[in-house]
Amino acid sequence: DTEVTQTPKHLVMGMTNKKSLKCEQHMGHRAMYWYKQKAKKPPELMFVYSYEKLSINESVPSRFSPECPNSSLLNLHLHALQPEDSALYLCASSQAPGDEQYFGPGTRLTVT
Amino acid sequence: GQSLEQPSEVTAVEGAIVQINCTYQTSGFYGLSWYQQHDGGAPTFLSYNALDGLEETGRFSSFLSRSDSYGYLLLQELQMKDSASYFCAVYTSGTYKYIFGTGTRLKVLA
């Protein structure tokens, strides 16, 4: 199984809502990542979990809250988002930090 | 600062060969990777160079010169399905981060 799955595929939320994005991999990878990608731009790293511990937070606003319940799951909790947070949110995993990354299909988020 | 620069757009015809360049300036360097991303899709890994030289994988080859902080992706026998965005990426030993280049949009014409 070389797949990273993400749910939901699309999400529309108001600025007062609370929602969560979910990511799962069963490749035994020990590093997991959240990226934000705007149209025609490269993915921007948000968070890195290494061996289930948060190792990198790229100065992401607190309205984004990551969680790694176990080695296969990664969540991104969203609260009080702004319209400019609308983007494609990609989850990725790798065997170890720095190794080739496997990306999920992403969640297309629209904040109204 | 850290940066990976790529041409914004490249156009070529089916069957041709195209080269996508990447110049990088990073604090520490482990290796240069290349990813392909179709519109609406997720990035997929293409190749990785840790040492100088050419790596070949089917129609795709990737080159690295660490002394020049430069690499390229070579796509041969272009097909319409190769139309996509291509990103170089560096894992930096200084900050332990994966940084993506600015991206190159490749258009393959019939």
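In what order do the four strands of the open sheet in chain A line up? Hi everyone, let's start there. The order is β1-β3-β8-β7, and the pairing is antiparallel. Before I go on, please keep in mind that this is a predicted model.

So which strands sit at the edges of this sheet? They are β1, residues 4-7, and β7, each of which pairs on one side only. If you ignore direction, neighbouring strands here are turned by 20° against each other on average.

Strand β7(A) runs antiparallel to β8 of chain A, residues 73-79, and five bridges join the two.

Now for the charged side chains. Side chains of opposite charge can pair when their charged atoms come close. How many salt bridges does a search of the whole structure find? Over all chains, there are six. I'll walk you through some of them.

Let's begin within chain A. Arg30(A) and Glu52(A) meet through their side chains in a salt bridge, at 3.3 Å from N to O. Arg30(A) is in the loop between β3 (18-25) and β4 (31-37), while Glu52(A) is in the loop between β5 (44-50) and β6 (53-57), so this pair ties together parts of chain A that lie 22 residues apart in sequence.

Next, a pair across chains. Lys97(B) forms a salt bridge with Glu58(A), and their closest N and O atoms are 2.5 Å apart. With a relative accessible area of 31%, Glu58(A) is partly exposed.

My last stop is chain B. There, Lys107(B) forms a salt bridge with Glu9(B), with 3.7 Å between the closest N and O atoms. Where do these two residues lie? Lys107(B) is in strand β11, residues 104-109, and Glu9(B) is in strand β2, residues 9-13; the pair links distant parts of the chain, 98 residues apart. Lys107(B) is partly exposed at 37% relative accessibility, and Glu9(B) is partly exposed too, with a relative accessible area of 43%.

Technical notes
Residues numbered from 1 in each chain as written. Chains lettered and ligands numbered in written order. Predicted model: local features only at pLDDT ≥ 70, side-chain atom pairs only at ≥ 80, totals over all residues. Heavy atoms only, no water. Salt bridge = Lys/Arg side-chain N within 4 Å of Asp/Glu carboxyl O. Buried < 20%, exposed > 50% of the residue type's maximum accessible area, 1.4 Å probe, protein only. Pairing = 2+ DSSP bridges. Axes fitted to C-alpha atoms, helices over the stretch in contact; angles between N-to-C directions.
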